[in-house]
Amino acid sequence: TVVRREDYAAPAFWIDSVDLSFDLDPAKTRVLNRMRLRRNPDVPTQPLRLDGEDLNLARVMVNGGGCSFKMDGGQLVLENLPGLDDGGTEPFDLEIFTTCNPAKNTQLMGLYVSQGTFFTQCEAEGFRRITYFLDRPDVMSAYTVTLKAEKTLYPVLLSNGNLVDSGDLEDGRHFAKWVDPHKKPCYLFALVAGKLVHREQKVIARNGAEHLLQVYVRPGDLDKTEHAMNSLMASVVWDEARFGLPLDLERFMIVATSDFNMGAMENKGLNIFNTKYVLANPATATDTDYANIESVVGHEYFHNWTGNRITCRDWFQLSLKEGLTVFRDQEFSMDLCPSPSARAVKRIEDVRVLRTAQFPEDAGPMAHPVRPDSYAEINNFYTVTIYEKGAEVVRMMQTLVGRDGFARGMKLYFERFDGQAVTCDDFAQAIADANPGSELANHLPQFKRWYSQAGTPRVKAEGAYNAAERTYTLTLSQSCPTTPGQDHKEPFVIPVNLGLLSHEGRELPLQLAHWSNAEAGTRNFVLTQASETLTFINVDAEPVPSLLRAFSAPVVLECDYTDAELLVLLAHDTDAFNRWEAAQRLALRRALKAINEPGPVPTEPLNPAFITAMRAVLRHPDLDAAFKDLVLTLPAETYIAEQLAEVDPQRVHAVREAMRAQMARQLFDDWAWAFEAFEGNGAYSPDSTSAGRRALAGLALTHLCLAAADSGNTVWPGKAYQRFKDAGNMTDRFNALSALVVSGSELAKPALQRFHALFKDEALALDKWFALQAGAPDRGGNILPTVRQLMQHPDFQPRNPNRARSVLTTFCQANPAAFHRADAGGYVFWSERVMDIDGFNPQVAARLARALDRWKKLAEPYRSAAREAIARVAAKPDLSNDVREVVTHALKD
Ligand code: ARG
Ligand code: ZN
């Protein structure tokens with residue numbers, strides 16, 4: 001059944017308080033739920049319908065006495081309640097006693113057991129698997145929670161808020177009582193019980209209040225919690241400094257679990273994290289892991305205000321908290337950067353995610369607006385559109401009102417809505433109202449099309465120089481492709497940051513007739529019409545336009561640059577994002593040409609000018625290593641594929657490999673120089689400057705090993721193996737291993753064995769080991785058999801989401817040439833895995849199911865084979881809602 005946004009109705013009852021008492025036992029946990037309810041006078045009188053799922057109901061009592069009830073699907077329906085006959089709104093007590101089986105909970109929603117410890121995951125609709133409740137975010141209640149469990153097995157008992165009581169019980173059991181001072185929706189409820197150890201830190205806030213920060217992990221992992229704690233402290237400081245939002249709790253806890261469907265969860269005062277986003281030490285975690293931990297710890301912490309203090313009225317408003325909070329975590333990471341160029345690197349990385357993951361989603365069968373209109377399964381909507389595109393929408397608001405204006409808007413948002421469950425409209429209105437006269441306020445209804453219209457807009461830019469008039473006219477036209485259910489699109493409000501460069505690369509003064517002052521540098525133009533023309537005056541020579549600087553809007557920019565113009569931008573643009581973008585355009589252009597021309601794949605798809613430009617960047621004395629690494633990394637195969645009307649994944653792969661081989665060969669001496677210059681051997685520090693140097697050294701090593709493989713040289717693979725063995729940190733070790741695997745060196749096999757022996761007890765390092773093999777370049781179709789073998793490995797645990805993803809998602813989503821086989825073997829494998837996983841974890845299955853989203857773009861024989869595989873999944877009778885929604889959309893025409 002489909003849920004529609006327009007059907008929203010306020011709840012018929014409020015639940016003012018909840019007193020939960022848990023008797024924790026893996027096979028049979030008893031839950032006593034005592035609620036105080038009251039009829040909502042604003043809606044017509046109707047029975048109380050409580051959500052429930054996989055619960056055993058033992059007892060229902062109203063005001064201390066028995067009462068009648070019935071079941072309707074999963075819902076518990078009460079028709080004889082105080083107020084229902086007379087329209088009264090007097091509060092009454094409702095007591096419900098149920099049991100559940102956490103040990104058998106394989107879908108990891110609700111209360112489950114992971115390695116002997118109890119955890120919960122309630123967002124979006126998991127609380128109904130713990131007790132009968134109004135499982136919707138607009139019902140906010142005060143929680144008291146008592147946990148009882150055997151003391152030796154479960155010494156640590158945690159829930160939201162403050163610990164008010166604890167002690168021993170009979171029979172070796174003990175208890176803890178927690179009271180959360182803040183009202184919250186039930187999706188923010190959490191409990192944890194088990195054998196855990198913790199690191200803690202006291203922090204004093206600006207107002208002198210003392211807070212206790214804690215990070216809980218399994219015994220043995222304490223040496224991997226320092227970075228998470230540092231990130232948490234930095235988050236607390238940042239949110240207060242940038243937005244005036246202080247920590248509102250005496251105690252803030254993070255707990256790590258290795259079995260988790262997603263990244264992490266912002267439960268009030270008790271965040272539960274996938275270990276992947278908590279645990280790090282230099283020996284087991286890479287620079288990327290360190291950076292991800294920083295941003296996810298920040299993300300969940302920032303939810304405390306954007307999500308928890310102000311929450312969503314309904315799940316269609318999910319981006320209200322997620323888009324805003326991603327924006328905030330992006331800004332947090334940027335503000336921690338040591339330099340403007342490091343900020344630009346972070347921006348490029350974020351845009352790369354958007355363009356390689358969100359743009360395809362927006363062009364595929366699951367395309368949906370940032371605020372969707374309907375869904376069958378809300379878990380399918382925790383998407384890159386809700387998160388990353390949602391963050392871009394918030395970023396555009398900041399661009400339109402300015403950084404200070406945005407902070408004012410946030411202030412007003414909290415003044416208006418603190419403690420409430422609200423909508424995306426409420427947020428946009430607050431930002432606009434705090435900035436009267438701004439471009440956002442002037443165009444608010446039109447701006448909000450970003451929330452209602454799906455699809456990636458395209459902006460076409462056409463420039464014309466008039467030497468006689470000394471004018472340059474720039475015409476910007478927008479359009480947006482149709483998406484499922486939306487055949488017609490209205491124009492968007494698109495902020496276009498722009499500048500003009502001379503052909504020598506000098507930043508030119510910008511003067512429009514109505515811009516009073518001419519200043520060199522970036523100006524913001526707001527495109528609101530389908531097409532608009534800007535006429536710049538006093539332009540001495542034909543300029544090179546630098547458009548959409550810092551990627552000021554989530555659009556595809558089409559501009560007929562010449563190669564020479566792109567080389568000017570690459571060499572001279574003051575906007576680092578557009579410098580990188582120019583290199584991407586040059587490479588993309590070459591890739592598309594080689595893909596589209598008939599005949600065999602050229603051995604040299606790149607032209608000498610491009611190689612020369614890459615050499616200049618690589619050897620540049622002033623550019624950051626991290627930036628060089630990004631510029632010298634070719635566009636991803638999935639990104640290249642998106643630009644094509646019809647995709648032959650094998651050809652895309654072959655062309656990109658040929659380009660990479662050419663860069664390896666023709667820049668050989670430069671890579672060798674870069675490796676020596678950046679390899680570094682000092683003590684490990686995860687800061688972005690050091691990380692950038694390691695990344696560039698790693699990229700150089702991969703190219704050196706690739707070139708060596710071509711020429712039969714064994715020196716570089718030997719060096720890589722040595723580095724792999726001697727590396728002082730996981731980043732260098734893994735990069736060296738990856739260089740051996742990617743280049744197909746004979747040393748890859750012994751290195752992989754050695755890696756396994758070293759890290760057999762480190763789950764997260766083993767995930768990398770699995771992923772590296774599932775994602776390795778396909779040589780003669782060897783990866784599918786490798787993947788099948790990996791699944792037989794004693795360390796492969798299909799029910800652990802991280803491990804399953806390390807093999808299956810990597811193969812199906814990150815290794816297109818191995819997955820898209822002419823014999824359809826990849827698709828058959830995919831359908832088997834989706835159906836199998838759906839039997840125990842629908843959320844993970846539905847994510848994997850999305851790997852074939854773009855099947856309609858595939859060339860034959862892939863297209864027909866993919867369709868058949870999807871149809872096979874769709875034909876399975878007992879599919880979950882999750883997978884059914886994905887495959888149904890995929891098959892629609
Ligand atoms: N709110 C969490 C976050 O973004 C994500 C939780 C999603 N979980 C789920 N089962 N859908 O930080
Ligand atoms: Zn979030």
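Which residues come nearest to ligand 1? Of the 14 residues around the ligand, these are Glu-123, Met-262, Met-265, Asn-379 and Tyr-382, where a residue is near a molecule if its C-beta atom, placed from the backbone, lies within 6 Å of it. Two elements, β21 (264-265) and α2 (287-303), each give two or more residues to this shell. By class, the shell holds 5 nonpolar, 5 polar and 4 charged residues; Ala, Val, Leu, Ile, Met, Phe, Trp, Tyr, Cys and Pro count as nonpolar, Asp, Glu, Lys and Arg as charged, and the others, Gly among them, as polar.

This is a predicted model, in which local features need pLDDT of at least 70 and side-chain atom pairs count only at pLDDT 80 or more, while totals for chains, interfaces and linings use all residues. Residues are numbered from 1 along each chain as its sequence is written, and chains are lettered from A and ligands numbered from 1 in the order in which they are written.

The protein has 29 helices and 34 strands, taken as DSSP runs (helices H or I, at least four residues; strands E, at least two) numbered from the N terminus. Helix α27 (residues 842-849) is largely enclosed by the rest of the structure, because 8 of its 8 residues are buried, that is, have 20 or more other C-beta atoms, placed from the backbone, within 10 Å of their own. Its cover includes the elements below.

| Covering element | Residues |
|---|---|
| α24 | 801-814 |
| α26 | 825-838 |
| α28 | 862-874 |
| α29 | 881-891 |

Across the protein, buried residues make up 52% of the 893 residues. The C-alpha trace spans about 90 × 65 × 60 Å along its principal axes.

Key
A residue is buried if 20 or more other C-beta atoms lie within 10 Å of its own, exposed if 12 or fewer, and partly exposed in between; C-beta atoms are placed from the backbone. Two residues are in contact if their C-beta atoms, placed from the backbone, lie within 7 Å.
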